[in-house]
Amino acid sequence: SRSLSVPLKDGKLALKLFGDRSSLEIFTHDGQTLTTTFFEEQEINQLIIKTDSFVKVNELVIYKIITD
């Protein structure tokens with residue numbers, strides 16, 4: 001497992017996640033990046049984000065990446 005420690009900005013955390021069939025990239029509001037690759041036979045359909053305290057998600061936007 002991989003992890004990042006990201007300080008809050010004005011009490012909030014902003015993440016941008018980009019994924020495809022074999023990789024996931026996470027970009028944080030403070031400029032950190034986490035990239036991981038994986039090779040699974042089945043489609044991965046979940047992402048788990050763990051915190052040390054309660055978190056409220058204000059906005060979640062999922063875009064489908066179209067490939068040829």
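Predicted model: local features only at pLDDT ≥ 70, side-chain atom pairs only at ≥ 80, totals over all residues.

Reader: What makes E2 and E3 a pair of strands?

Author: Two strands pair if at least two bridges are found between them, and five bridges join E2 to E3, residues 33-37; therefore E2 and E3 count as paired. The two strands run antiparallel.

Reader: What lies between the strands of that hairpin, and which residue there takes a positive phi?

Author: The hairpin of E2 and E3 has four residues between the strands, and glycine 31 takes a positive phi near 95 degrees.

Reader: Why is threonine 28 called buried?

Author: The term buried applies under 20% relative accessible area, and threonine 28 has a relative accessibility of 10%, so this residue counts as buried. Threonine 28 is found in strand E2, which spans residues 23-28, and, leaving aside residues up to four places away in sequence, it touches Leu4, Val6, Ala14 and Leu15.

Reader: How do you know that the side chains of threonine 28 and aspartate 30 make a polar contact?

Author: The limit for such a pair of N or O atoms is 3.5 Å, and the contact joining the side chains of threonine 28 and aspartate 30 is 2.4 Å, so the pair is within that limit.

Reader: Is leucine 17 buried, exposed or partly exposed, and why?

Author: Leucine 17 has a relative accessible area of 34%, and since buried means under 20% and exposed over 50%, with partly exposed in between, leucine 17 is therefore called partly exposed. This residue lies in strand E1, residues 15-19.

Reader: How many helices and strands does the protein have, and what pattern do they follow along the sequence?

Author: The protein has zero helices and three strands, and its pattern, read along the sequence, is β-β-β.

Reader: What can be said of the protein as a whole, in burial and in surface?

Author: Buried residues make up 9% of the 68 residues, while the accessible surface comes to about 7,000 Å², of which 50% belongs to carbon and sulfur atoms.

Notes
Residues numbered from 1 in each chain as written. Heavy atoms only, no water. Buried < 20%, exposed > 50% of the residue type's maximum accessible area, 1.4 Å probe, protein only. Polar contact = N/O pair within 3.5 Å; in protein donor to acceptor, adjacent residues only side chain to side chain. Contact = heavy atoms within 4.5 Å. Areas by Shrake-Rupley, 256 points an atom, 1.4 Å probe, with all protein chains shown as cover.
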